[in-house]
Amino acid sequence: MSHKRVAILISGGGSNMLALLDSMVGDHPARPCLVLSNDPKAGGLARAAARGVPVAAVDHRPFKGDRAAFEAELLKPLEAAEPDIVCLAGFMRVLTGDFVSRFQGRMLNIHPSLLPKYTGLHTHARALEAGDAEHGCTVHEVTAVLDDGPILGQARVPVLDGDTPEALAARVLEQEHRLYPEVLRRFAEGRRDPVRLG
């Protein structure tokens with residue numbers, strides 16, 4: 001059986017990336033081929049390398065906001081790795097439509113809200129401010145529209161009395177680490193039916 005090749009893009013410590021790496025063993029239909037970051041100092045790079053996964057970094061800062069030039073450099077190690085699936089896992093750069101279209105239908109992202117609620121940043125604080133009874137995370141296919149695209153899975157957590165954004169974020173993150181590997185496995189098997197947890 002030929003495994004699907006998965007590249008994972010990160011910007012920080014890469015806890016979701018590690019959950020994905022740890023899941024791609026045994027009878028899993030996919031294997032990691034690259035962990036790529038926009039920050040050469042991202043903690044996740046060393047953690048991936050320690051697991052024997054190829055790593056690369058393209059620092060976005062010298063490009064001074066020229067996204068097309070940054071993405072052209074980002075594409076070099078990414079396309080060289082020949083991924084079948086690209087997973088964004090805490091990758092904090094907004095990608096252009098041109099970049100996304102190259103991987104249309106095979107690029108996934110995890111977002112810390114129950115989309116379509118709370119696209120963008122500060123999702124946990126916004127859920128608390130709105131008085132929501134539940135919150136959670138979503139894995140979706142990436143399209144040119146930020147935090148849009150077909151939903152492939154969601155995990156829900158109750159909002160508790162006295163929750164802070166940090167406490168809520170920590171509970172959501174636990175679910176992210178369950179949801180993303182489950183969605184990736186099914187996606188690599190060719191399934192698009194949404195996963196529902198919690």
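Predicted model: local features only at pLDDT ≥ 70, side-chain atom pairs only at ≥ 80, totals over all residues.
1. Which residues of α2 are buried? Helix α2 spans residues 43-50, and its buried residues are Gly-44, Leu-45 and Ala-48. They cover an arc of only 105° around the axis, so they lie on the same side of α2.

2. The other side of α2 has Ala-46 and Ala-50, which are exposed. To see this in the structure, look along the helix and compare the side holding Gly-44, Leu-45 and Ala-48 with the side holding Ala-46 and Ala-50.

3. After α2 comes Gly-52. The phi angle of Gly-52 is positive, near 85°.

4. A separate point concerns the cysteines. How many disulfides does a search of the whole structure find? The search finds zero. Cys-33 is in no disulfide, and the nearest cysteine sulfur, in Cys-87, is 9.9 Å away. A disulfide is a covalent bond between the sulfur atoms of two cysteines. For a pair to count here, the sulfur atoms must be within 2.5 Å. The sulfur of Cys-87 has its closest cysteine sulfur in Cys-33, and at 9.9 Å this is too far for a bond.

5. Are these two cysteines buried or exposed? Cys-33 counts as buried because its relative accessibility is 9%. Cys-87 is also buried, with a relative accessible area of 0%.

Technical notes:
Residues numbered from 1 in each chain as written. Heavy atoms only, no water. Buried < 20%, exposed > 50% of the residue type's maximum accessible area, 1.4 Å probe, protein only. Helix = DSSP H or I, 4+ residues; strand = E, 2+ residues; numbered from the N terminus. Arc of directions from axis to C-beta.
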